Amino acid sequence: MSGDADPTGLTQRDILMEVREDIRGLQATVDAIARDQALGVERRAAMQRSADSIYDRLDAHDRDLDRMLAWQNRADGAMVLARWALGASLVSLIAVALQVVAAVAKAMDPSLP
């Protein structure tokens, strides 16, 4: 039966050679799938590293924004104090100007109180 042909006209050797070719084709397909899976794992790892880097940068930006907000609050407080100081200086300037005017008026008219 080793050399006999089956009803389709193929010998066992021919069938074995076809099966062997099919197995080689399957092996090539399996190898290609394995390579693709390995590349997929590599891509996922690279994407995870990229995502981790992005999260780290976002955390750093959040910390920077928090620090900037604290500085902004301090600057707002300083501006309020500066406005109060400016107002006090203007009131003081007006008081000094009134004293100068009063002194000049008294010097011009000694009868004023």
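Mentor: Welcome! The protein has one helix and zero strands; helices (H or I, at least four residues) and strands (E, at least two) are DSSP runs, numbered from the N terminus. This is a predicted model, where local features need pLDDT of at least 70, side-chain atom pairs count only at pLDDT 80 or more, and totals for chains, interfaces and linings use all residues. Residues are numbered from 1 along each chain as its sequence is written, and side-chain values use heavy atoms, leaving out hydrogens and water.

Trainee: Why is Ile 23 called exposed?

Mentor: Exposed means over 50% relative accessible area, buried under 20%, and partly exposed in between (1.4 Å probe, protein chains only). Ile 23 has 52%, so Ile 23 counts as exposed. Ile 23 sits in helix 1, residues 12-108.

Trainee: How do you know what radius of gyration a compact globule of 113 residues would have?

Mentor: The globule rule is 2.2 Å times the number of residues to the power 0.38, and the radius is taken over C-alpha atoms. A compact globule of 113 residues would be near 13 Å, but the protein has 47 Å. Its C-alpha atoms fill a box of roughly 150 × 20 × 15 Å along the principal axes.

Trainee: What makes Arg 74 count as lying over the face of Trp 71?

Mentor: A charge sits over a ring if NZ of Lys or CZ of Arg is within 6 Å of the ring centre and within 35 degrees of the ring normal. Arg 74 lies over the face of Trp 71, at 4.9 Å from the ring centre.
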